[in-house]
Amino acid sequence: MSLVVYNTITRKKEEFKSINEGAVGMYVCGPTVYGYPHLGHAKSYVSFDIIYRYLCYLGYKVKYVQNITDVGHLVGDRESGDDKIQKQALIEKIDPVEIAYKYETIYFENMDALNVKRPTISCRATGHIIEIIDMVKTLIDKGYAYVTDKGNVYYRVNMFPKYGSLKNINLEENLSGERIEVASDKERNEDFALWKKAEDNHLMKWPSPWGLGYPGWHIECSVMSKKYLGKTFDIHGGGMDNIFPHHECEIAQSEIANDAPFVNYFIHNNLVTVNGQKMGKSLGNFITLPDLFKDYDPIIVRFYILQNHYRKPTDFNKGQLNTTSEIYKKLSETINRLYSETKDIETDNFTYDEEIQTIKDNFLNAMNDDFNTSLAISYILESSKLINKELNGDKNKDKLLSLKNFIQECACEILGLKFNTSNASKENELIEIISNIRNKMREEKNYELSDKIRDDLKSIGITLNDRK
């Protein structure tokens, strides 16, 4: 079965074919770094990490580009031009650059904890101001953008007939998106900002042909995707909340500026709810990843996310998280037993067991069907039953090594799960070393220090029994 993906452009599953054989260009909208990463970030970037991992597994050379929005994400398209970075900088009373760096660092630390691979290229809006100005100039020269007497630059949406097609809406509908208040210097309400004039007290601003200002949010992705992936590339990803207006605006900008189709496959992950409600600060159910990781292992959170298909919403509640945690702990114990049992078995010349090969084929068929991790995980759990059965029975070498290979390849490499197998082994070795040192002290009648080692180990949950 070949890989099929759901394409938001056509609203159907399609066989995946890359522009260049054996290579994939993928761009995923990254975070706006003005606050702590949250559950929505976890859902989105774990989902695209799976896509990245699986494309690599299939043998593609993947160039994965992800932007960091460190300027220009407007709170609303208003004359004041507030952006989220500047707003948070005023709240924390530190420089906007410091805000962006602080929360970008935390973002990557949290993604590392979730075992999300770093993108091939991580690019920042502030590092591409020259290219952004050049693209805005191109759009103005082609008549698709205009400069107002206030020094703002807007895109003429009515000149791009396809605008709204990604979300399947018409221009006659309300296209104001998330905007809070419509700027007074626009030709039409639906026109969106490419460049905003900076007020005197605005902290992040650059010289441009239209005066001191800063870019709008949408233009950065058009510029950076073109720079690193070309005018037309394979996959553009993001959350469903990015479809409109962000991705609609990207399409409009890019296809006019570049005189070429923008992207072949748009892939969007669904959103997150908490106890059945939309997550939001105003509802008091906004959960940041640093807070969540205080109570739950990040890999368990990853496992929880993967139990839902990326195009389905993920509902977080503590009851289900606790159940998932117990399931994962038992799975980890089983896989640790498997690794312990097979660590001294020669891996050369073993025959892949037919039953395990069937489970692996089913797993890969699930992944080929639009990255169906929900179904794929069921085969990981099925394999754990076989592991226990084999460990408690005949311990057939070929079967155990087949199971080990399946776990390494499918659970670890593709799904990005970790079972602490190496850590568990090192922990046992370390306990044995400490125990031997303590026994030596007892032989030398250094009871005070030997008792201290015993008591210190007990305080962290490790009990040494001196009886036979």
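Helices (H or I, at least four residues) and strands (E, at least two) are taken here as DSSP runs, numbered from the N terminus. The model on screen is predicted, so that local features need pLDDT of at least 70 and side-chain atom pairs count only at pLDDT 80 or more, whereas totals for chains, interfaces and linings use all residues. Residues are numbered from 1 along each chain as its sequence is written, and side-chain values use heavy atoms, with hydrogens and water left out.

Begin by selecting Q86, which is found in helix 2 (residues 84-92). Leaving aside neighbours within four places in sequence, Q86 is in contact (heavy atoms within 4.5 Å) with N201, H202, L203 and M204.

Next, select F262, in the loop between helix 6 (243-258) and strand 11 (263-269). F262 counts as buried, at 2% relative accessibility. Beyond its neighbours within four places in sequence, the contacts of F262 include F233, H236, I251 and E255.

Then turn to helix 11, residues 373-391. The expected span is 1.5 Å times one less than the number of residues, and for the 19 residues of helix 11 this gives 27 Å, in agreement with end C-alpha atoms that are 27 Å apart. Colour the buried residues of helix 11, among them T373, I377, I380, S384, I387 and L391. Seen down the axis, the buried residues of helix 11 fall within an arc of 165°, so they line one face of the helix; the arc is that of the directions from the helix axis to the C-beta atoms. The face turned away from the buried side carries the exposed residues K385 and K389. To see what the buried residues of helix 11 pack against, show helix 1 (39-57), helix 8 (298-306), helix 9 (318-342), helix 10 (354-368) and helix 12 (397-414).

Finish at the largest pocket, which has a volume of about 1300 Å³. Of the 35 residues that line this pocket, select Y34, H38, H41, K84 and D241, the closest to its centre. Helix 1, strand 10 (233-239) and helix 6 are the elements that give two or more residues to the lining, and the largest share, five residues, comes from helix 1. A pocket is an open set of points on a 1 Å grid over the protein atoms alone, where a 1.4 Å probe fits, with protein on both sides within 12 Å along at least five of seven lines, and lining residues have an atom within 4 Å of a point. Its volume is the space filled by probe spheres set on the points, which are joined across faces, edges and corners.

Definitions and conventions
Buried means under 20% relative accessible area, exposed over 50%, partly exposed in between (1.4 Å probe, protein chains only).
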